[in-house]
Amino acid sequence: MSLYKTAVEKPVSTILVFIGLVVMGLFSYTKLAVDLMPEIETTQISIITAYPGASASDVETNVTRLIEDVLNQVENLKKIESQSKENMSLVTIELEYGSDIDVATNDVRDKLDMIVSQLPDEVESPTIFKFSSDMIPVVIYSATATESVNSLYKILDEKVANPLNRVSGVGTVSVTGAPKRQVQVNVNPAKIEAYNIGIEQIANVIRQENLNTPAGSFDIGTQTYALRIEGEFKESSELNDIVVGSYEGKTIFLKDVATVFDHIEERVQESYTNGVKGATIVVQKQAGANTVSIANKVTAMMPELQKTLPPDVKLVQVMDTSEFIDSSINSLIDTVLYAFVFVVLVVFLFLGRWRATFIIILTIPISLISAFAYLAITGGTLNIISLSSLSIAIGMVVDDAIVVLENVTTHIEKGSAPKSAAIYATNEVAISVVASTLTIVAVFLPLTMVTGLAGVLFKQLGWMVTIVCTVSTIVALTLTPMLCSQMLRMHTSKNKWFDLLYGPVARALDALDRGYASLLNLSVRHRFISSFVCFIIFVLSLVVTKNLKTEFMPASDNDRIGITIEMPAGIRMEIARDKAAEITSLFKEKYPEIDVTSYSVGQADSENAYASMQNNGTGLVTFTITCHPLAARTRTIFEISDLMREDLALMPELYKVKVQPGGSGGGPASSSGSFVDVEIFGHDLATTDRVAAELKKRLEENIKGLTDVQIDRKDYQAEYQVELDREKLALHELSSATVSSFVRNRINGAFASKFREDGDEYDIVVRYDLAHRQSIEDIENIIVYTNKGKGIRLRELGKVVEKFSLPQIDRQDRERIVRVSGLVSGAALSEVVAGVNEQIALAEIPSEIGTKIGGSFVDQQESFGELAILMILLVLLVYIVMATQFESFTYPFIIMFSIPFGFGGVLLALWIVGKPLDLMAMIGMVTLIGIVVKNGIVLIDYITLNRERGMSIRKAVVDGGKSRLRPVLMTTLTTVLGMIPMAVGTGQGSEMWQTMGIAIIGGLTFSTIITLILVPALYSIFGRNGVVRQRKKFAKKFANVGK
Amino acid sequence: MKAIFIPFNQSYRDQVVEILERNDSRGFTFMDDIQGRGTKKGEPHFGTHAWPTLNSAIIAMVADEKVDNILAAIKALDQQTEKLGLHAFVWNIEKMV
């Protein structure tokens, strides 16, 4: 018993099975999370190693290089990058996509263990950090305060950060820009020198005094008592009264030599929102958690949290990445719904019957909804890729049902009873329906096996379309015949009004059939000429689009602009802060589109992981500007950014400016635009500096589409170095290490102990009073004590000199690197890259210096390269499926001609609308391979059928073409019209999928028109050759017969 | 006793069986998925790519007086839907056990 027979004979079960499927799908839909892109696996591991007191080049030689060398052996390694900064080494390894990050992390840990003993003693043990694009903040709040500003950190940490940390999925909540409380012991050097006490001694005393010690337990009578000594300070003022030493028999208290301040930290990063000082609360999600749901939970909690805060503390949302995701996904859902409406209209137009239209349309919701069940099971999300897949599939799922319904209708018109017609008619077309689905699956299933970044995008696309199309085939073979048997009638009652309305449409379609038949007659008669004309059209389409620009990912307007300005190195934070305030008020006035401006300035606290991974420094200001939603403004963020760039260019005091529409940060699939990096490799800093400067100048002057050209190497910073005289050190039995720690304790401060209050801990830091660390003399006057207790001034041990040094050394793949990078704006990536290459060739570059182009360009090359291989593979697979279906080598070959025309159409369409060829358009091209051959299959299938029924080649071709015109047009139109809402793309984020819609529409339209002429013409050429060959064979075999 | 051989397009199955039953002829032999082609106009029923339809056939042994009724009904059915293809052939039965 066959599937369709069972279905027709058991209508109740059939209906219920599908209702069950739909209910399951809808249930899954309610469970689905929303995200922008499918989850991109983490492939980066960072190793942070602290080497206190070391300069950038020391860190490079002693730590970074060792770590790089050992990590170079990690499996699946793609790239090693490193930054050697003062006190810190950051090595980041990037693995190939798809490698198991946990295995790699263990591997890294093992490898690091091997070299830990080789690292210098002062180096702290390396920490391993799994970094991923998930680290982009989900929401950023800014807190402003007036009276409570000094206790802001504590308030925010307790009342906001802690509750938010408990939200499931939240990774970290970090509070930046709020100063932390610190107990400072500011020592007067003159006094301690007089008493012969060192800072170390004071710190040591504090440490010893601030202790609670359990002294054990002892028995008194029948009881056991615990014995404790409580020395911990209860008040910070208690510090004043501790005894730090004695001098000539007198006790010296701390208050005699120092002042104790219970205050806030000295050097902190400050942040401002709309010009008001406050703190920034950054919420990051855990790897794999859902952005939208976290953002919703956090936003929902905020009013509650606000109530617990002091009245002067105000929380303002600066950024919410989920808003953009939400509105993008909603506008994509709209396009899917529009596509549905279009498909319904097309089907009705061609069939002209309500019942038939209903039967066919029913396939769409059933197959699409079943895809939600797949997403829910695999933990997928509603994202751009999964919804685009639905949009692609929506036009294809009706195809099978149309074929089945058409054949059932033919049988009924011949006189079969609907029930038996449904069974036998389905039986007749079942094989070709399955075969055409196999062609689609042959294209989409291999997509699930692609690796790399493209693989992440393709995986869901592949599965979604495969599943949707398979379900649609099952529906077409069960539900459709069942409904046909129940709903179709042998004699349809004709409605006068309906005839009046639909009559013209029917006549137009008939005229179209006739017109096509005569055109086909012409083309078959002049088959060589028409093939040649098609070929010429193809070549022309390639010639015209020769200069088509390429791009990786289109940038989209997400309401955010990130700006980084840098003042000359070493400038004080206060000056940068004033400049930032000036810029804020200027922008506020000039751009009414701006909703919130927030910026942070100054050196980040090393304990704050988020802030210290970002670029920070005393003269550096980072702005995050949020504009009103796209609908509420006329200028896009790109236009605004361009204007801002002009404004900032007028300020000569800004040393470096970077304006990034879309905001900074983001993974490879983020919408932050395209970068071109020229990577310059070479060990000698001076040479690479010169080359970088030359290239920067050349790129700025000669390439139009490149803005914000910058050299990423930090500026040499003026600094004072203490040059110690080793001979003198030896004389006093001192080592460089001892002396440096003395200097450090006095200037940076010695960390004495922790002051505990209400369960919180605050650092107690002992150092020179601010007034005594403001000149070179102050440093030269520092007294260093020898082992014998003799005090010697620093100036006797060496001299303080001014020098320049590089604060950070960057390396990539174990070589020093400088990047000259620019933001592509107003030109396509390919064009800019060509220009950059030209400039590199012209520049004077010594032979030992290597150059390479990186940035988005590398990603683009990789992905496009993989796609090209993928396409060849898919074409081969499709050929195999078709060849087995037709049991012929020739016919599939003829059908394959529609593929190049499809690609030609894609290029032509993009060229007409002036869009570059980007990754999404490439995805469209890949899917086209499966879609365009369908038309050819339908045509050739029917033509061979006519031939088998004994028609001559020309009659078979013309008749077959005429009778298949409607199905071809219908399936093409459903797909094309289904894509139109995507291609028109008016909603937020539509830039991202627009090109895909345009590509599919252009490719399919162009290839269908050409296929309708070329495939019949080619068939008659090949068919005739076959007939001629057979006749010759026959003649040879029977040459002697009848003579 | 006469034998009626009725080859028909598969979709006639239910109607043909019904005609026989209306005429009190319960017994028959049914053959499914058979191929055939009409002498003059009829389309081939080969179950192939070119001619995908298939025939079935029934051989029924009926009482002499029923034969005309049955043939008349079959003719009426055939005339309703000529394109499908339906025939009936009658011959004598010599003996049976």
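Let's start with the sheet in chain B. This is a predicted model. The sheet is open and has four strands, in the order β2-β3-β1-β4 of chain B, with antiparallel pairing. Its edge strands are β2, residues 29-34, and β4 of chain B, and each of these pairs on one side only. From one strand to the next, the twist averages 15 degrees.

Now go through the pairs. Strand β2(B) is joined to β3(B) by four bridges, and the two run antiparallel. Look for Thr29(B) there: opposite stands Ile59(B) in β3(B). Next comes β1(B), residues 2-9. Eight bridges tie β1(B) to β3(B), residues 55-62, again antiparallel. Within that pairing, Pro7(B) has Ala57(B) in β3(B) as its bridge partner. On to β4(B). Four bridges join β1(B) to β4(B), also antiparallel. Here Ile4(B) faces Val90(B) in β4(B).

Which strands of chain B does helix α2 lie across? Helix α2(B), residues 67-80, lies across β1, β3 and β4 of chain B. The helix runs at about 10 degrees to β1(B).

How confident is the predictor in this chain? Chain B has a mean pLDDT of 89, and 100% of its residues reach 70 or more. By element, confidence is lowest in helix α1(B), residues 13-22, at a mean of 90. It is highest in strand β4(B), residues 89-92, at 94.

Over to chain A, and another sheet. Four strands form an open sheet in the order β13-β8-β26-β25 of chain A, and this time the pairing is mixed. The edges are β13(A), residues 258-264, and β25(A), residues 750-757, each pairing on one side only. The strand-to-strand twist averages 25 degrees. Strands β25(A) and β26(A), residues 760-768, pair in the antiparallel sense over seven bridges. In that pair, Phe755(A) stands opposite Tyr762(A) in β26(A).

Two helices to point out here. Helix α7(A), residues 199-209, packs on the sheet and touches β8 (181-187), β25 and β26 of chain A. Its direction makes about 25 degrees with that of β25(A). Helix α25(A), residues 736-747, also packs on the sheet, touching β25 and β26 of chain A. The direction of α25(A) makes about 115 degrees with that of β26(A).

Next, a helix pair in chain A. The axes of α2(A), residues 11-31, and α17(A), residues 479-487, come within 10 Å and cross at roughly 130 degrees. So α2(A) is oblique to α17(A). The crossing of the two is left-handed. On the α2(A) side we have Pro11(A), Thr14(A) and Phe18(A); they meet Leu479(A), Met482(A) and Gln486(A) in α17(A). By class, that contact has four nonpolar residues, two polar and no charged ones.

Last, the interface. How many residues of chain A are in contact with chain B? Twelve, and they meet twelve residues of chain B. On the chain A side, α14 (397-414), α15 (418-447) and α31 (919-948) each supply at least two residues. The largest share, four residues, comes from α15(A). The chain A side divides into four nonpolar, four polar and four charged residues. For the complex, the predictor gives an ipTM of 0.77 and a pTM of 0.75.

That's my tour. Over to you.

Terms used:
Residues are numbered from 1 along each chain as its sequence is written. Chains are lettered from A and ligands numbered from 1 in the order in which they are written. This is a predicted model: local features need pLDDT of at least 70, side-chain atom pairs count only at pLDDT 80 or more; totals for chains, interfaces and linings use all residues. Two residues are in contact if their C-beta atoms, placed from the backbone, lie within 7 Å. Ala, Val, Leu, Ile, Met, Phe, Trp, Tyr, Cys and Pro count as nonpolar, Asp, Glu, Lys and Arg as charged, and the others, Gly among them, as polar. pLDDT is the predictor's confidence in each residue, from 0 to 100. Axes are lines fitted to C-alpha atoms, for helices over the stretch in contact, and angles run from 0 to 180 degrees between N-to-C directions. Angles under 35 degrees count as roughly parallel, over 145 as roughly antiparallel, 65 to 115 as roughly perpendicular and the rest as oblique. A crossing is left-handed if the near helix is turned anticlockwise from the far one by less than a right angle, and right-handed if clockwise. Two strands pair if DSSP finds at least two bridges between them.
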